[in-house]
Amino acid sequence: MAQLAERSLLLLLVLLSPFVASAGVAKLNSSSPLFGIEFPPFNTAVADTGCDGKLVAAEEAGDERTQPASLSPSLKLHITRRAAAAGRTRKDSFLDSAQKDAARIETMRRRASSARPDGERAPAAYSPRRALSERLVATVESGVAVGSGEYLMDVYVGTPPRRFQMIMDTGSDLNWLQCAPCLDCFEQRGPVFEPAASSSYRNVTCGDQRCGLVAPPEAPRACRRPGEDPCPYYYWYGDQSNTTGDLALESFTVNLTAPGASRRVDGVVFGCGHRNRGLFHGAAGLLGLGRGPLSFASQLRAVYGHTFSYCLVDHGSDVGSKMVFGEDLLLLAHPRLNYTAFAPASSPADTFYYVQLRGVLVGGELLNISSDTWGVSKDGSGGTIIDSGTTLSYFAEPAYRVIRQAFVERMSRSYPLIADFPVLNPCYNVSGVERPQVPELSLAFADGAVWDFPAENYFIRLDDGIMCLAVLGTPRSGMSIIGNFQQQNFHVVYDLLKNRLGFAPRRCAEV
């Protein structure tokens, strides 16, 4: 009897062991690989390392004590703004940004209108795999090919780690780099990534469920050995730019703000591009922070939780901005931290962060803008997003006309209006005035939250004593966008557990 009981206990332990071993590990939604937000155990490996691979001291012990036992301490990183070309004036830079933004917004319009918020099926030509893949294509174009991603992050990829500058973009999902052999590549600063030189590089196989998140080349290879053959991807852009390569897994290491400290995350899914064409402006690739499951932010959730934030210094500063994965305790204690709810995503694989805008206040007065202006239409267009890759802020044309007229009517007559200034409107001559007085601008959200902005976040001081409103219209897309210029010197937090956006005024150079 004792032997029987012993064998029964042993059998029970064997049966239970897989469940015990997997406890506490975030899992992909088993109902569909496309709907997963947190990735399974291949993304849970994390280590504090120096870039030479040696273990370094952990981050502040005080921070570690405040974190849940299942999550790592928050990760604080430096990000830098793309430098303007030599000899270009501030006016030239902003006009160039407005031109790039226009192309980016058109891409967003096409991507948003391809999704049906009312749950209707897409046209018959779209298979579920292809529909999702094309949404990913659009987001890559919006962040890189258009060239409007202004903030760069140093990322060390592989073992041993090699440094690459990647564009930080909340409007994109896929992380990708140019890779050797580079059969047809654009010019970038520094060498491309060498998979053969990294001991931690692994291909995602064609039989892997993650391979279903990307589009195959136009002439796809047969997946003869699902457990061995690589997963090829192909992305095509509207301006004939494209990237082709293999989906892969690799170790990504990022420098922390503490001197000499860094953090490595193993098994990050990224695109290793061997054929890349287009206007990628010297960056090595893109670090996506969108809502989709392939983004860097989504892949870190099992390690740092469902929160990330950034604090962008003003455009004229030479000090680096900050990026935080995990909760920032100083931010959470900020007396002026305010939250507004994210709008429901139009699909589980949606990239953009939509907010629910109720109206715009100029000079403390709520403007007469139809509530229909802020809604998402049946074809998926419209709505309001917050985006780190768009420079200026944009409002649907009906709202923009009202906002522009409100500033014209409320501005002091002591500032002469400049007629026929290119792109930006209105513009004023403020020569000799150190701090011009302008009406206040605020955004009112549907849940009662209000975001008040300082004048330097919505008026641009250009050369020769010219000052312009840093807001434009979106005549075709109907989408409104809170761009990075309007976000400067605010700590902006994306809390995806509670589905809300937080914002607090801070001197970001001191964070």
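The conversation below moves from the overall model to selected residues and sheets.

Colleague: What kind of model is this, and how are residues numbered?
Modeller: This is a predicted model, in which local features need pLDDT of at least 70, side-chain atom pairs count only at pLDDT 80 or more, and totals for chains, interfaces and linings use all residues. Residues are numbered from 1 along each chain as its sequence is written, and side-chain values use heavy atoms, with hydrogens and water left out.

Colleague: What is the mean pLDDT of the chain?
Modeller: The mean pLDDT of the protein chain is 75, and 68% of its residues reach 70 or more. Here pLDDT is the predictor's confidence in each residue, from 0 to 100. Over residues 4-46 the pLDDT is below 50, and this stretch has 56 contacts in the model beyond near neighbours in sequence. Residues 48-69 also have a pLDDT below 50, with 35 contacts beyond near neighbours in sequence. A contact means heavy atoms within 4.5 Å. Where pLDDT is low, the predicted coordinates should not be read in detail.

Colleague: How many helices and strands does the chain have?
Modeller: The secondary structure comes to nine helices and 28 strands. Both are DSSP runs numbered from the N terminus: helices are H or I with at least four residues, strands are E with at least two.

Colleague: And what percentage of the residues is buried?
Modeller: Of the 511 residues, 54% count as buried. Buried means under 20% relative accessible area, exposed means over 50%, and partly exposed lies in between, using a 1.4 Å probe and protein chains only. The protein chain exposes about 22300 Å², of which carbon and sulfur atoms supply 53%. These areas come from the Shrake-Rupley method with a 1.4 Å probe; for residues, only the protein chains shown count as cover.

Colleague: Which residues does UniProt list for "active site"?
Modeller: The unreviewed UniProt entry lists Asp169 and Asp387. UniProt positions are given in the numbering used here, feature names are shortened, and annotations may be inferred rather than shown by experiment. Although the listed residues are spread over 219 residues of sequence, they cluster in space, with a largest C-alpha distance of 7.4 Å.

Colleague: Where is each of them placed?
Modeller: Aspartate 169 is in strand β4 (residues 162-169). Aspartate 387 is in the loop between β17 (384-386) and β18 (393-396).

Colleague: Is aspartate 169 buried or exposed? And aspartate 387, buried or exposed?
Modeller: Aspartate 169 counts as buried because its relative accessibility is 0%. Aspartate 387 counts as buried because its relative accessibility is 0%.

Colleague: What does the side chain of aspartate 387 reach?
Modeller: It reaches the backbone nitrogen of glycine 171 at 3.4 Å. A polar contact is a pair of N or O atoms within 3.5 Å; within protein, one must be able to donate a hydrogen and the other to accept it, and residues adjacent in sequence count only if both atoms are side-chain atoms.

Colleague: Changing topic, where is histidine 274?
Modeller: Histidine 274 is in strand β9 (residues 262-277). At 14% relative accessibility, histidine 274 counts as buried. A polar atom of its side chain lies 3.2 Å from the backbone oxygen of proline 181. Not counting residues up to four places away in sequence, histidine 274 touches several residues, including Cys179, Cys182, Thr244 and Asp246.

Colleague: What about valine 269?
Modeller: Valine 269 also lies in strand β9, and it is buried, with a relative accessible area of 0%.
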